[in-house]
Amino acid sequence: MNAVIEDSNIVVETHDLTRKFGKFVAVDKLNIAVKRGEIFGFLGANGAGKTTAIRMLCGLLEPTSGTGTVAGFDIVKQAERIKSRIGYMSQKFSLYNDLKVEENLEFYGGVYGLDSRALKQHIHETLERMNLQHVRTKMTAELPLGWKQKLALGAALMHNPDIIFLDEATGGVDPVARRDFWDMIHDLAAHGKTIFVTTHYMDEAEYCHKISIMHQSRVLIQGKVGDLKVQTGMKTVEELFKHVVTQGDSA
Amino acid sequence: MSVIRHFVKKEFRQVFRDKQMLRMLLIVPIVQLIVLGNAINLDVKHVRLAIFDHDHSEVSRDLLSRFRSSDYFDIILADQSKLSALMDRGKIDISVVIPEGFARDLGSGSTAKAQLIVDAQNSNLAGIATGYVNGVFGSFQEDFRNRMLEKNPDIKSKIHSVEVVSRVFYNPEMNTYFATIPGIAVLLLTIITTLINALNIVREKEIGTLEQLMVTPISKFQFVMGKSLPFAILGYIELAIALAVGMLWFKIPFAGSFLLLAFSAALFLMTTLGAGLLVSTVAQTQQQALFTAWFFLVFCIIMSGFLTPIENMPTALQYLTYLDPLRYMIKVTRGIFLKGSTFFDLKYELAAMAIYGTAMFALAIFRFRKSTT
Amino acid sequence: MRLRAIILKEFLHIFRDSRTLFLVLLMPVFMIFLYGWAVNLDAKNIQIAVADLDQSPASRYFIDKFAQSKYFQVTQYVTQPDEFEDLFRRYEVRAGITVPADFGKSIGNEFATSVQLIVDGYDGNTAQTVLNYARAIVAQYNTELLPQGFEAPIEVIPRFLYNPSLESGNFIVPGLAAVILMMISALLTSVSIVREKETGTLEQILVTPVHVIETIVGKVIPYVFLAFMDGMLTIGIGVLVFDVQFEGAAWVLLTNTLVYLYSALALGLLISTLASTQQAAMATALMLTLLPSIMLSGFMFPIAGMPLILQVITRLIPATYFLEIIRGVLLKGTGYAELYHNTLILFGIGTLFLLLAIRKFKVRLG
Ligand SMILES: Nc1ncnc2c1ncn2[C@@H]1O[C@H](COP(=O)(O)OP(=O)(O)OP(=O)(O)O)[C@@H](O)[C@H]1O
Ligand SMILES: [Mg+2]
């Protein structure tokens, strides 16, 4: 599993990335490699360590040991340079509820350093793409959850990042909206963006190019979705997941 | 620069949308200044005094009428047997007992004695009230001597005495609120700016929006400035309100330079906002932030000389007051406001504030972490 | 049993957040030591400047009277009285005395000499003190100049009740206990309830069949406990470290403290129904409890000196009544015979707050 091939196309890569909270190991020796344009799915039960791993990759949390690079930059020493290249949507809704929809976009665009012309244009485009024009001047607090998630995704994309981390982006979102979400994700990937997603919906996992199944802070299995199914003889990712996790538990 | 501008815009939008908070920030200080300016009144006037005259002489009646005509006392009529109960219940502050034979002793050259019973719970008040009583006795004594001397003109011509001609600068009526209003203004400024900065950031931590910010490429400096500038502006608004209340409501003349005061405020705000930021780096919840900031604030307030003149403190503590940024700002504000002190008059205080402000701000930026370890 | 569950949960909250617990217990200690040491209301060593234009033995003798008094300290000698104002603007002295050039010569030649005293009046209270002390020193000096038989000596023998040692601490510490009790209890309750409102957990509790009263009582009891410990800590340190007198009965103080806490917590509850965010709760609590308790209760500033309208307001503040109680018990040794009406009023104010809070609470639910 340690044999990760050096490849110029690889945009996210880790070597034995580990994070402990006190004695508790939340992420244990994570090794992954994600290529440009890939949709990488991170699966795992609650508390498996997905969010912790993503936060390390985004430079929000320092690893206890191990190394990693994102967009070619070291996640410890060059965390700040990574930040202008990535978009992040956290598991918990974290835009400002007491700002209007467009004000949230304006603020994040501004923080990413867009000049006022670009800012105006990006806000317009984002509202259009996310289908939020009609609630432009609404208070964010008043939006239904699914729309809030769309707004959060829009805000994460304002600065046109190369790599996008979506931590349970579709949690609590209705099926139609989820469908829209995934259309957008595929569209982004087709444009060369790399998408890193975590999800508890196994049907979503089917859309991923590669998946990695985490359990109790370790990766049990990872690879192309098709390859893994063949390897284990499972028909769906859901079966695959249950199979791997029960095996992991008994091991 | 534009990043900071967006920050300022965002904070202002949030502040102005939160009407409850806005009321707190703008109206409450006015109310507090007016209430506290009136409440902190150390001019001891209505001392409740009971007099028991056992002498019933012309002399004692003269004394009595002097007490009655003094502005400082409210005379309480009481039965001496109830005195101790009345004092226990706090109905009488001080009582004077003129014993039988007072006039006789005074005339004969032996010491005339009077007894004073003072409710001394508040030693300061007790001291001042005792001073007033002594003052009445003193002027009575002086007149008594003069009457004696009038009868002996040959001796009178040889007598010399010193009289005090006094002039009180800046505040001829010695109103307490001249000092307390600028003091409270600075106090409010300190409390509001320290707390608001700390609570605001910790609140973003609590609700998770801080994490979203930390994943952007914004620099520590931009973040700190973006958070502090809006509250610095708010601080200036508070200060302006306080000045207006002081000048218009309390009619305290502003003697110095507004520009110098604004400059001093900038130095001071760096300290308080920096302190708020520092608190936010150690607190996880708003409650913790409040209580942590509290320690800083209590230290600042007590050691500032606002409640008690610094020279009354034990020497060791007096040195400790040099660590208190509020000490300088209160001096500077009172100096500029009341005395028209200039930059050169206040150079040491301003230098101390500049050092404090820079250090605090730099420490806050240094301590602030975009990632958790 | 449901009540027990809520109390238990609240205690868990408190003890899990060990940092807050630590701060809450450390705060009174910190405050009392700072206050106890630093706050000394009795002026002494007031720094003054002297312009001795005479430079004669007589003038030096006169100035010595000031220098030797414990109230004054001559720190600057200037040649011109107009230098005083410079010194004032730099805060170097509080007053300046000018002894005129003919001071020595005029003794024995003229009836009176004027000595000028210029006072920095910015701090009215200290200025007043300076004037009083200076006049007393000069009066003493004048008495010395009187010929035998004309002194007409009067001795005023003071007896200082309740605080014979005239220690500021005896006055400050009981007041501080009142402030701390009020602050901790009202602030903690209001903030912790509003926090549950903000995070939505209060809703969770309210959908359970728990009665509103149970919820409230359950939330409040742990804070009674904490605040009570804080109060005892304050008084304990006051008595043991700062030698504060304790003349009365402990049980009178304890029972009254509980009644006071009842009113403080009721106020905290009321605040929690008014505020929708923690920040608003904190600001309101500080506004409604801390500042009035410090400034309007008679803690440091005598109520008698306030304008009438404020005197009326002080009667609405629980701390005003508790201060009278605690000072009565500690300093005067009074008991229920003298204090019962204060206890009753405190109880009444508390009940009023509580009823208002419950009404507000119900309205919000309905
Ligand atoms: N700051 C922290 N301190 C202590 N423990 C933590 C911290 N953050 C996360 N953990 C623990 O690390 C483990 C992994 O958490 P993480 O949030 O990464 O899981 P997850 O896979 O994202 O789960 P979920 O699907 O529920 O989001 C959990 O047991 C969690 O309690
Ligand atoms: Mg997670």
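This briefing walks through the chains, domains, metal site and salt bridges of the structure above.

It is a predicted model, in which local features need pLDDT of at least 70, side-chain atom pairs count only at pLDDT 80 or more, and totals for chains, interfaces and linings use all residues. Residues are numbered from 1 along each chain as its sequence is written, chains are lettered from A and ligands numbered from 1 in the order in which they are written, and side-chain values use heavy atoms, with hydrogens and water left out. The model scores ipTM 0.86 and pTM 0.84.

**Confidence**

- Chain C has a mean pLDDT of 84, where pLDDT is the predictor's confidence in each residue, from 0 to 100.
- In chain C, 93% of the residues reach 70 or more.
- A friendly reminder: where pLDDT is low, the predicted coordinates should not be read in detail.

**How the chains meet**

- Of the 2 pairs of chains that touch, chains B and C have the most contacts; contact here means heavy atoms within 4.5 Å.
- Chain A does not touch chain C, and their nearest C-alpha atoms are 13 Å apart.
- Between chains B and A, 25 residues of chain B and 31 residues of chain A take part in the contact.
- About 2,700 Å² is buried between chain B and chain A, with 54% of it on carbon and sulfur atoms; buried area is the accessible area (1.4 Å probe) that two parts lose on being put together, summed over both.
- On the chain B side, R17(B), Q212(B) and V215(B) supply 23% of the area buried against chain A, more than any other three residues.

**Domains**

- Chain A is split into domain 1 (1-85 + 162-173 + 192-251) and domain 2 (96-161), with bounds that come from an automatic or database domain assignment.
- The centres of these two domains of chain A, taken over C-alpha atoms, are separated by 27 Å.
- Their contact involves 13 residues of domain 1 of chain A and 9 residues of domain 2 of chain A.
- The two domains of chain A bury about 680 Å² between them, and carbon and sulfur atoms give 59% of that area.
- I164(A), V173(A) and K193(A) supply 38% of what domain 1 of chain A buries against domain 2 of chain A, more than any other three residues.
- Chain C also has two assigned domains, domain 1 (18-39 + 166-365) and domain 2 (46-144), and their C-alpha centres lie 47 Å apart.

**The magnesium site**

- T51(A), through OG1, and Q91(A), through OE1, coordinate the magnesium ion (ligand 2) at 1.8 to 2.2 Å.
- Donors are N, O and S atoms within 2.8 Å of the metal (3.2 Å for Na, K and Ca); water is not among the atoms, so sites may look incomplete.
- The two residues come from distant parts of the chain, 40 residues apart: T51(A) is in helix α1 (residues 50-57) of chain A, and Q91(A) is in the loop between β7 (86-89) and α3 (101-111) of chain A.
- Helices (H or I, at least four residues) and strands (E, at least two) are DSSP runs, numbered from the N terminus.
- T51(A) is partly exposed at 23% relative accessibility, and Q91(A) is partly exposed at 40%.
- Buried means under 20% relative accessible area, exposed over 50%, and partly exposed in between (1.4 Å probe, protein chains only).

**Salt bridges**

- The count over all chains is 34 salt bridges, each being a side-chain nitrogen of Lys or Arg within 4 Å of a carboxyl oxygen of Asp or Glu.
- E102(A) and R136(A) form a salt bridge (3.0 Å, N to O). E102(A) lies in helix α3 of chain A and R136(A) in the loop between α4 (116-129) and α5 (145-157), so the pair ties together parts that are 34 residues apart in sequence.
- The interface of chain B and chain A has 6 salt bridges, whereas the interface of domain 1 of chain A and domain 2 of chain A has 0.
- R17(B) pairs with E103(A) in a salt bridge (2.7 Å, N to O). This pair crosses between chains, from helix α1 (residues 2-17) of chain B to helix α3 of chain A.
- R17(B) is partly exposed, at 27% relative accessibility, while E103(A) is buried, with a relative accessible area of 7%.
- Salt bridges with shared partners join E103(A), E106(A), K9(B), R13(B) and R17(B) into one network.
- E80(A) forms a salt bridge with K370(B), with the closest N and O atoms 2.6 Å apart.
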